[in-house]
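Trainee: I am new to this structure and would like to go through it step by step. Could we begin with how its parts are counted?

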Amino acid sequence: MATPVNARADILRRVRGALADVPGLERPADVPVARDYRRRDTAGDPGGRFLNRVAAYRAGAHRSTPEAVQATIARLLDGHGARRVAVPDGLPGTWCAAVPEPVRDGPLTVAELDRVDGVLTGCAVAIADTGTVVLAGGPGQGRRALTLLPDLHVCVVGGEQVVGTVPEALERLAALGLAGAPLTLVSGPSATSDIEMSRVEGVHGPRRLEVVLVGAEAAVSPDAGPG
């Protein structure tokens with residue numbers, strides 16, 4: 001019987017073999033990595049910067065109080081004509097109550113996900129500098145396919161989840177025990193450009209993204225973006 005191949009070990013063995021004749025000082029392991037980039041937020045107002053970045057990506061950027069979040073979600077879904085909306089396990093009940101016809105991910109098949117009008121989730125952390133929402137597959141976030149296949153994604157972000165920089169986001173994820181989780185980083189609606197720089201949306205994920213920031217003051221109009 002053939003011995004099973006450990007793919008990781010085999011790849012590392014090949015890399016070491018390829019580097020065998022490289023001078024020591026030129027080997028990646030021997031070159032120190034500079035850590036002099038900005039690692040902490042010093043600009044202030046992370047919530048406002050986050051929503052402004054989100055709006056700059058042509059996504060909907062909204063803010064809400066905890067008491068009004070259900071009405072805000074309902075209004076956004078109604079604005080997109082979205083009734084049958086996929087929801088992950090662990091989503092707060094008040095958010096689910098805003099969905100006319102919630103569809104629980106059981107998990108849903110690709111065909112079933114293609115037939116829903118959108119998806120409603122929370123997130124693990126959000127980054128002000130880049131306007132990025134980070135999904136880590138935890139409660140209220142769902143698996144990756146759930147947020148990549150539907151054409152509309154409504155994402156609710158708590159004010160306490162917003163950090164200033166990417167390094168801060170990685171530290172927050174590590175503190176939450178999510179350092180090795182499969183992460184999805186969402187910076188605006190899915191978009192790409194061909195060789196003629198013609199923008200095409202919806203190729204790699206939802207064409208429409210609505211982000212609701214809850215419980216944080218933000219220096220942005222209450223309803224910016226397409227929503």
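Mentor: Helices (H or I, at least four residues) and strands (E, at least two) are DSSP runs, numbered from the N terminus. Please keep in mind that this is a predicted model.

Trainee: How many helices and strands does the secondary structure of the chain come to?

Mentor: The chain has 227 residues, of which 40% count as buried. Counted as runs in the way just described, its secondary structure comes to 7 helices and 13 strands.

Trainee: Which residues are buried in helix α3, residues 69-79?

Mentor: A residue counts as buried when its relative accessible area is under 20%. In α3, that applies to Val69, Thr72, Ile73, Leu76 and Leu77.

Trainee: Within what arc do the buried residues of α3 fall, seen down its axis?

Mentor: On the other side of α3, Ala71, Asp78 and Gly79 are exposed. The buried residues pack against several elements, including β1 (60-64), α4 (93-96) and β12 (208-214). Seen down the axis of α3, these buried residues line one face of the helix, because they fall within an arc of 130°.

Trainee: How many disulfides does the structure hold?

Mentor: A disulfide would need a pair of cysteine sulfur atoms within 2.5 Å. For Cys155, the nearest cysteine sulfur is that of Cys123, 4.7 Å away, and Cys155 is in no disulfide. For the structure, the number of disulfides is 0.

Trainee: Is Cys155 buried or exposed?

Mentor: The cut-off for buried is under 20% relative accessible area. Cys155 has a relative accessibility of 1%, so Cys155 counts as buried.

Definitions and conventions. Residues are numbered from 1 along each chain as its sequence is written. This is a predicted model: local features need pLDDT of at least 70, side-chain atom pairs count only at pLDDT 80 or more; totals for chains, interfaces and linings use all residues. Side-chain values use heavy atoms; hydrogens and water are left out. Buried means under 20% relative accessible area, exposed over 50%, partly exposed in between (1.4 Å probe, protein chains only). The arc is that of the directions from the helix axis to the C-beta atoms. Contact means heavy atoms within 4.5 Å.
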